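User: I have this one open on my screen and would like to go through it with you. Could you start with what to be careful about?

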Amino acid sequence: MAPKPGRAGATMASLCLGIALVSPSAATVDPILERGRTVFLTYCAGCHGFDGLAFLPFAPSFAMGERMYKSDYELLRSIRRGRNGMPSWEGKLPDDWLTAALAYIRFMDRAGREGAPVANQVPAYFFLFPTNPGAARPAYLVIPD
Ligand code: HEC
């Protein structure tokens, strides 16, 4: 079962629109990072943690630099195709959402190294994943507020 962008997608569209309208110069807010953050918190954080400190055993903690020695090419390939406990994301989310999520992952790594780790609020909507991703039919649940 693939997670459905549904309401999260709509929320993100209005968020991006909001940024474009409120701060057209975007001096302080990078719209790609902002999109990446939303994607990460909605679809990835259930395993990789809201602050980049993983909940799921064997999922890397990006805020601690795990896997960050790999190239963008390698990491994107894993994101698109899936890797061991991680589902494949290709065709489930738009590709530019995946590259934006990777940009945000790099940002969390940098922030951690610079001694100012990210501290995100848990969003109203996110996907929760089972702790046994090897199960025959892992369940993907949407948690409404
Ligand atoms: C169901 C849990 C789960 C979800 C959801 C999930 N991941 Fe992962 N992810 C993992 C696990 C487990 C690994 C480690 C895989 C391995 O190398 O054994 C991983 C590894 C990765 C890696 C490192 C890949 C590598 O080549 O070393 C990246 C980057 C990544 N995930 C990004 C994402 C992004 C982006 C999302 C959201 C779009 C996401 N993950 C969602 C479980 C998850």
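User: What are the ground rules for the numbers, then?

Analyst: This is a predicted model, in which local features need pLDDT of at least 70 and side-chain atom pairs count only at pLDDT 80 or more, while totals for chains, interfaces and linings use all residues. Residues are numbered from 1 along each chain as its sequence is written.

User: What is the mean pLDDT of the protein chain, and where is confidence lowest and highest?

Analyst: The mean pLDDT of the protein chain is 79, with 69% of its residues at 70 or more. Confidence is lowest in helix α1 (residues 6-22), at a mean of 40, and highest in α3, at 98.

User: How many helices and strands are there?

Analyst: The protein chain has 4 helices and 2 strands, and from the N terminus on they run α-α-α-α-β-β. Helices (H or I, at least four residues) and strands (E, at least two) are DSSP runs, numbered from the N terminus. Among contacts between residues at least 6 apart in sequence, 55% join residues at least 24 apart.

User: Which residues have the most contacts inside the largest nonpolar core?

Analyst: They are Val39, Phe40, Ala101 and Tyr104, in a core of 22 residues. Such a core is a set of buried Ala, Val, Leu, Ile, Met, Phe, Trp, Tyr and Cys residues joined through C-beta atoms within 7 Å; buried means that 20 or more other C-beta atoms lie within 10 Å of a residue's own, against 12 or fewer for exposed, with partly exposed in between, the C-beta atoms being placed from the backbone. Both α2 and α4 supply at least two residues of this core, and the largest share, 8 residues, comes from α4. Not counting residues up to four places away in sequence, Val39 touches Leu93, Trp97, Ala100 and Ala101.

User: What do the buried residues of α4 pack against?

Analyst: They pack against α2 and α3, and among them are Trp97, Ala100, Ala101, Tyr104 and Asp109. The 19 residues of α4 should span 27 Å at 1.5 Å a residue, and its end C-alpha atoms are 28 Å apart, which agrees; the expected span is 1.5 Å times one less than the number of residues. Just after α4, Gly115 takes a positive phi of about 80 degrees.

User: And Ile32, why does that count as partly exposed?

Analyst: Ile32, which is found in helix α2, counts as partly exposed because it has 15 C-beta neighbours inside 10 Å. Leaving aside neighbours within four places in sequence, Ile32 is in contact with Ala100 and Ala103.

User: Switching to the ligand, which residues come nearest?

Analyst: Of the 25 residues around the ligand, Cys44, Cys47, Ser78, Gly85 and Met86 come nearest, where a residue is near a molecule if its C-beta atom, placed from the backbone, lies within 6 Å of it. The largest share of this shell, 5 residues, comes from α2.

Methods: Contact = placed C-beta atoms within 7 Å. pLDDT = per-residue confidence, 0-100.
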